[in-house]
Amino acid sequence: MPTQAKQNQNQSLSGFEPYVPQAGEEYMGAPMRAHFTKILNKWKQDLMQEVDRTVDHMKDEAANFPDPADRASQEEEFSLELRARDRERKLIKKIDKTLQLIEDEEYGWCESCGVEIGVKRLEARPTADMCVDCKTLAEIKEKQGRQVIAETVTETERSYAPFFVSGTFGTPNTLVGASLLAMTAAYSIRVQADPPLSRASSLPQG
């Protein structure tokens with residue numbers, strides 16, 4: 001999650017008392033679900049207000065500056081704001097999905113292994129759908145996958161280098177197209193390959 005989004009989350013989730021389960025209380029019983037419903041609804045409300053503020057700000061600040069540098073600066077500012085709001089709109093959709101899980105009494109369990117995610121982790125990130133262990137493993141797989149793709153693309157581009165030098169692909173203007181072709185081929189190779197840590201599923205489960 002981007003830094004700004006993390007800051008927004010921390011601000012939106014502040015002001016709530018940590019949930020203290022009673023002795024023998026059922027995990028994700030009615031009181032606990034109500035606690036997280038309240039947190040998520042408040043978070044959603046804050047995000048929607050931020051989106052509305054951005055729209056109003058852009059309407060108020062929009063101007064046709066005669067200086068190209070001023071116009072470019074304003075466009076860059078608006079672009080950054082729109083990207084931030086787009087992330088927040090996606091987050092609102094995830095919050096809605098999470099609220100539906102609470103309503104269906106399916107909230108709070110890891111979608112990968114089925115264990116309890118835990119109250120503390122959910123209070124830190126109410127939309128979490130994986131336990132810490134599964135999330136860590138997923139991030140490792142994702143990181144390794146990006147590394148494999150980058151290495152494969154690099155090797156494929158190197159294999160095309162002699163053609164670039166000899167002019168087999170024609171004029172230098174075609175180098176961009178050839179590079180895209182190489183990257184497409186590399187991506188196809190990566191998709192067909194076994195995913196990183198594919199053997200992990202066959203390991204004994206502790």
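The chain has 6 helices and 0 strands, in what is a predicted model. Read from the N terminus, its elements follow the order α-α-α-α-α-α. The chain holds 206 residues, of which 27% count as buried, and its accessible surface comes to about 14100 Å², with 54% of that area belonging to carbon and sulfur atoms. Among the contacts with a separation of 6 or more, 58% are made by residues 24 or more positions apart.

**The second largest pocket**

The second largest pocket contains about 150 Å³ of space. Its lining is made up of 13 residues, and those closest to the centre are Leu101, Glu111, Thr127, Ala128 and Asp129. Sorted by class, the lining has 5 nonpolar, 3 polar and 5 charged residues.

Threonine 127 is placed in the loop between helix H4 (119–124) and helix H5 (132–166), and its relative accessible area of 4% makes it buried. Setting aside residues up to four places away in sequence, threonine 127 touches Leu40, Trp43, Lys94, Ile95 and Thr98. Leucine 101, by contrast, belongs to helix H3 (residues 68–103) and is partly exposed, with a relative accessible area of 27%. With residues up to four places away again left out, leucine 101 touches Glu106 and Tyr107. The C-alpha atoms of leucine 101 and arginine 33 are 10.0 Å apart in space, while the two residues are 68 residues apart in sequence.

The number of disulfides is 0. Cysteine 110 takes part in none, and the nearest cysteine sulfur, that of cysteine 113, is 3.7 Å away. Because a disulfide requires two cysteine sulfur atoms within 2.5 Å, the sulfur of cysteine 134 is likewise too far for a bond from its closest cysteine sulfur, in cysteine 131, at 3.6 Å. Cysteine 110 is buried at a relative accessible area of 4%, and cysteine 134 also counts as buried, at 15% relative accessibility.

**Two residues with positive phi**

Most residues other than glycine have a negative phi. Methionine 28 is not a glycine, yet it has a positive phi of about 60°, and glutamate 105, also not a glycine, has a positive phi of about 60° as well. Methionine 28 is found in the loop between helix H1 (3–12) and H2, whereas glutamate 105 lies in the loop between H3 and H4. As for accessibility, methionine 28 is buried, with a relative accessible area of 4%, while glutamate 105 is exposed, with a relative accessible area of 52%.

Histidine 35 lies in helix H2 (residues 30–61) and is buried, its relative accessible area being 13%. Apart from neighbours within four places in sequence, histidine 35 is in contact with Glu17, Tyr19 and Glu123.

**Accessibility of selected residues**

The table gathers the values for several of the residues discussed above.

| Residue | Relative accessible area | Class |
|---|---|---|
| Methionine 28 | 4% | buried |
| Histidine 35 | 13% | buried |
| Leucine 101 | 27% | partly exposed |
| Glutamate 105 | 52% | exposed |
| Cysteine 110 | 4% | buried |
| Threonine 127 | 4% | buried |
| Cysteine 134 | 15% | buried |

Conventions: Residues are numbered from 1 along each chain as its sequence is written. This is a predicted model: local features need pLDDT of at least 70, side-chain atom pairs count only at pLDDT 80 or more; totals for chains, interfaces and linings use all residues. Side-chain values use heavy atoms; hydrogens and water are left out. Buried means under 20% relative accessible area, exposed over 50%, partly exposed in between (1.4 Å probe, protein chains only). On a 1 Å grid over the protein atoms alone, a cavity is a set of points where a 1.4 Å probe fits but cannot get out, and a pocket is an open set with protein on both sides within 12 Å along at least five of seven lines; lining residues have an atom within 4 Å of a point. Grid points are joined across faces, edges and corners, and a volume is the space filled by probe spheres set on the points. Ala, Val, Leu, Ile, Met, Phe, Trp, Tyr, Cys and Pro count as nonpolar, Asp, Glu, Lys and Arg as charged, and the others, Gly among them, as polar. Helices (H or I, at least four residues) and strands (E, at least two) are DSSP runs, numbered from the N terminus. Contact means heavy atoms within 4.5 Å. Accessible areas come from the Shrake-Rupley method with a 1.4 Å probe; for residues, only the protein chains shown count as cover.
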